[in-house]
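Student: I have a model open and would like to learn how to read it. Could we go through it feature by feature?

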Amino acid sequence: MSTLSDRPRNSVVGEAVPHESAALHVTGRALYTDDLVSRTRDVLHAFPVQAPHAHALVTRLDVTPAHAVPGVVRVLTADDVPGVNDAGVKHDEPLFPSEVMFYGHAVCWVLAESLEAARLGASAVVVDYEPLPSLVTVTDAIAVASFQGAQPHLERGDVEAGLDRSTHVFSGDFEFAGQEHFYLETHAALALVDENEQIFVQSRTQHPSETQEIVAHVLGLASHEVTVQCLRMGGGFGGKEMQPHGFAAIAALGATLTGRPVRLRLTRNHDMTMTGKRHGFHATWRVGFDGDGRLQALDATLTADGGWSLDLSEPVLARALCHIDNAYWIPDVRVNGRIARTHKTSQTAFRGFGGPQGMLVIEDVLGRCAPLLGIAAADLRRRNFYSAGQATPYGQPVRHPERVVTAWDQVLTTSDFAARTAEVTAFNLAHEDSKRGLAITPVKFGISFNLTAFNQAGALVHVYKDGSVLINHGGTEMGQGLHTKMLQVAATTLGVPLPTVRLAPTRTDKVPNTSATAASSGADLNGGAVKNACDQIIERLRTVAGGRLGINPADVRFEGGQVHGVGDPSACIPWAELVRQAYFQRVQLWAAGYYRTEGLHWDSSLMQGEPFKYFSYGVAATEVEVDGFTGAYRTRRVDIVHDVGESLSPLVDIGQIEGGFVQGAGWLTLEDLRWDTGDGPTRGRLATQAASTYKLPSFSEMPEVFHVSLLQDAHEDGVVYGSKAVGEPPLMLAFSVREALRQAAAAFGPPGTSVDLASPATPEAVYWALEGARAAGTKAEHRHLVEGSHLVEGGHGIVPAQPGPDAHALHPISERWANGEAADAGAAGAVDDESTGPGEHVGAHR
Amino acid sequence: MLVVNDAPTTLDLEPRVSLLDALREHLHLTGTKKGCNQGACGACTVLVDGRRVLACLTLAMQVEGREVTTIEGVGPHPLQAAFVRRDGLQCGYCTPGQICSAIGMVAEHRHGAASVVTDDVTTTPDLTPEEIRERMSGNLCRCGAYNGIVEAIVDTAPAMAEMAPALTPVPA
Ligand code: FES
Ligand code: FES
C-alpha cells in the first residue's frame, strides 16, 4: 500500500477541475436547505420572539394572544422541551432562556401556516422583562472582571530577563473588532418526523454530528433516533460550526410536537442579531528588541470578547495564544488569555479561529515599532523569521521555516518590491495630499484541531457491480471545494476517471461521530479516510486482478480506469470488468475508511505540546493609495505566494486563497460591527444588522492587480497526496493591506512616524491615523509619544495584566470530558459559575 | 398574468408579495436566492424584460404582463460555461444573481449606460475589468470569487452583447 502522501503519476489529484457542483450552481439547480421547503408538504414556519434588552429577566411570558392570530399553530417555550433546554455542549446556552443575555435573544418561537402568520404571531406574544445592568464592551467587562471559562497561560523562558537585556522596550495596548460571517445563505433548518418517530433534520451545518447530538439532547432522544443531513451551505466560514444546533433543535422540537415538517430560516437581521461572530480582542503588551531589531521578549495579555456564553471561545483563545508568534522567533514569551463575558451574541468560530487575532497583535507591534527602531518594516519582519531548529513558544518544532523565506523572496521578486518601494517613496515626495504604502507580511498557521481527539475522520466508499463508485465522508461542503477534492482523491486511489465517482450528501447515518468541517482540516482528515477506504478495496481487487493477469498482486496497477501489470500496459482489464468479476468471486466491494492524524499531542493546561501536524505558509505584498482629505483608499496591487503543499485541486486552492485574502481584508479594513453602547433603551443592540450598514468587500474594493501563485516544490510528507490545508491561512495574508495603510498614513508625517491604526482600518480610521501622523510632524521632537496613541517607549509602560492567584489553569471546560474529568465539577473555572450546569453531554472543541 | 421563463403564468397572490417570494415560494423556482431581502446583496437578481432587477425589492404585481427570466430560464448561455471554466464561484449562493446581473449589465452597457467610473459619459466605454467591477458592485460574493467572475464576464461579454435584447424604456 502506498503511503498517504505518495502521489501516483497522471493522478486526478492535482488537476485543475471545476467545483463538483459548478454546473448545478450556474443553472440554479443546486439545492440548499431552504430550497427543500417547496418540495415538502404541509410545512410550518418558525419565527422568533426577540427580547429588546441586552440583559433582563423574563418575568412573564403570555403566548395566548399569539393563538388568536390566524394561522398560528403553536408557540414553543421552555415548557415544551422533553429533554435538556440547552443549545450547546457546555450547558450554558439555554434554548429558551429565562434570563435574556443579549439584545435580540430569542425567548420563544411561533409556528404557523405561513411565515407571515408566524411573524404576526410572534409580535402578539406578550413578554414582561425586568432589565438588569449590562456589559457591552470588552473594556466594560475587564473593568469589573467579568470573565468566563479557562484563563490559559503560555510561557517560555524568562520574560523579565528578556526585557532587561533588550535595547528597546515598548509597550502598548490595542483593541480590535470582530467580524460578521455574512455567509450569503442565512441559518436554516427543515425538520420532519419520519417513520417510526425517527427525526430527520436538514440543516446547513458544518458539524452535523454535533447538530445531531444537540437535537437528541433537547428532544431527550438517543443519537440513533436523529439523522442530520447537510446538502451544502451557502458559505460557512465557521459561523455554521456551533451556531446551527439550536435552530435545528427548534425545528425538530416543532416537528415532534405538531407532527408536521417545520422550517426555520433566519432573516438577515435575525441572523446578524442572534448568531455569534468573530471575537474582537483587547490586548496589552510589552516587547523588547535588541539593537538590531531582533525580538527578545514579548509579554502580552489577550482578552477575547466572548459574548454571553462560552461557545468556542476557549479553543479560539488557545489558538490566538498559539499564533501570537506568527512567523517570528521570540526567545522569551509570556502570554495570558482571558475570555470576557459580555451581553452580546456568543462569539464563535470564524475562519482562522483566533489565529488571526493572535497574529494581528504581533503584526501590529512590529508595524508600530519599526519606525521607532529606524528599521524598514519589511526588514524588521524578515530579520525575525524562525530558522531551522527553533520551536514555537508552546514547544512545537517549526518544520520547513525555509518555506516562508522562499515565498518571501519570491514575492519580493515577482512584485518587483525594491523598485516599487522606490516608486512609492518618489510618489509620496511628489504628492502632498495622497500617499502610497507598500507592505509585505508573512503567514505561518498551524494545521489540525488543537484538541487532539478531533483529528479523526470517517468515510464510506461503495463500488457498485457496474464499476461506478459512490463516496460519502464526514465533511461538509460550504463552497471550499472539499467534495471536489474528495472525488479527486477517490478517483486517484482507485485509478479511475473522475466521472466514475459520485458523492452523496453528508449525513450522520452514513458516517457517524464526525468532527466539524473546520480548522482547515476537512481535506486532510476526510481525504485520509476516503483514501483509506479506497485502499482497502484496491487491496482486494489487486488479488483478483493478479490472479487473472497471472502476476503478483503487488505488481498490479490501477490507472485511468484500466488495470494492468506494472510496466506492461498491453494486457489490461477494464475497471468495470474487474469489479464485476470480483463480485462473482464474492469479494467485498465497499469499505468504511478511517483516518486519524498521527504524531499529535497537546496539554491545554500547560499550553505545551505539538498540536499541529504542520504549518502552512504564505506571503503577501500589497500596495495602497490613501487620500489625505478623507482617508479613502484603494488597493493598487496584491502579490501572493502561498503554500498549499502539492495542490490537490489548483483551481479550488487559488479560489480559496483569493477568497480568504478578500475576507481578511474585509475584517481588517471595511467591516465595522457597532453595538449601541449608550445607556438608552436600545443599549446592546447591534446597530449594523444589515448589508446596508455593515460594509462587506464588493467588486469595487478588489485590488486593481491581483496575482496569486502556489509555492512550488512544496510536497508535504504524511498528508494526503502531499497536500496542505488551505481554508483558513490565506485570510491572514490581508495583514499586508493593513500594514500598507499604516505606512501610507505614516507618510503624511515626518520620517520615523509610528502610526497607531485602528482595526478595522476604515477610511475614517485611516483619516484619524494620518491626522495623527501629521500632528507628529508639528511636534517632531515628541514623535515617540504621539498624543492619543497608546504606545510607550521604555520603562514599565503599559504592563499586561497577570493572572490572579485563583485563575483557572486546568483544562478548559470544553475539554473536561475528553480528559476524563467530571463534566459537572463545580470547579469549572468560570469566574461566573452560572455558566456550567449538570450535564452528561459536555463535549469538546478544537 | 406574467411570463416566467417563456411560460405564461397566472398567480393569485396578495398584493404585498415580492417577486422573490412569488418565484421561490409559489412557483418553486428556487434558483433565485434570498441573501438579505432588502436590496443589498444582489443574490435575488432576475431579468424583467431583459433588465436586471432585485426580485426582493420588486412586488410580484409590478411585473404583471411582463417577461421574467430567472436563472432557470437563462440557459444554455455561454456565461454559465465561463463561470464553470473560470471558477467564478465557491459556495454558489450568489451565482444565479451574478449571472442574471451580468447578462443585464451587458445589455445596459450595449444600450449606452454609463457608470461612475466612466470618464466620458457621452461615449460608451469599453467593458474593461474596471467597468465590469463597478457595474457589478451590487452583487456581493462573500466567498470572494470576484476575480473568476470578472474573468468569466470578460470572456463572454462580446457574445453576450450579441445576444442582448433591445431594452424598452423603463415604464414610469
Ligand atoms: S435578496 Fe435581494 S438584494 Fe439581497
Ligand atoms: S460563491 Fe459564495 S457568495 Fe459567491
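Student: What percentage of the contacts in chain B with a separation of 6 or more comes from residues 24 or more positions apart?

Tutor: Two residues are in contact if their C-beta atoms, placed from the backbone, lie within 7 Å. In chain B, 65% of the contacts with a separation of 6 or more join residues 24 or more positions apart. This is a predicted model, where local features need pLDDT of at least 70 and side-chain atom pairs count only at pLDDT 80 or more, while totals for chains, interfaces and linings use all residues. Residues are numbered from 1 along each chain as its sequence is written, and chains are lettered from A in the order in which they are written.

Student: How many helices and strands does chain B have?

Tutor: Helices (H or I, at least four residues) and strands (E, at least two) are DSSP runs, numbered from the N terminus. Chain B has six helices and five strands, in the sequence pattern β-β-α-β-β-β-α-α-α-α-α.

Student: What share of the residues in chain B is buried?

Tutor: A residue is buried if 20 or more other C-beta atoms, placed from the backbone, lie within 10 Å of its own. That applies to 53% of the 172 residues in chain B. The C-alpha trace of chain B spans about 45 × 35 × 30 Å along its principal axes.

Student: Which strands form the open sheet in chain A, and in what order?

Tutor: Strands pair if DSSP finds at least two bridges between them. In chain A the order is β21-β22-β23, with antiparallel pairing. The edge strands are β21 (556–559) and β23 (568–574) of chain A; each has a single partner strand, so one side of each lacks a neighbour in the sheet. Ignoring direction, neighbouring strands of this sheet are turned by 35° against each other on average; axes are lines fitted to C-alpha atoms, for helices over the stretch in contact, and angles run from 0 to 180 degrees between N-to-C directions.

Student: What packs on this sheet?

Tutor: Helix α15 (residues 522–549) of chain A does, touching β21, β22 and β23 of chain A. The direction of α15 makes about 115° with that of β21(A). Within the sheet, β21(A) and β22 (residues 562–565) of chain A share four antiparallel bridges, and A:Arg557 stands opposite A:His564 in β22(A).

Student: How many residues of chain A are in contact with chain B?

Tutor: 42 residues of chain A are in contact with 40 residues of chain B. On the side of chain A that touches chain B, α17(A) gives the most, with six residues.

Key. Buried ≥ 20, exposed ≤ 12 C-beta atoms within 10 Å, placed from the backbone.
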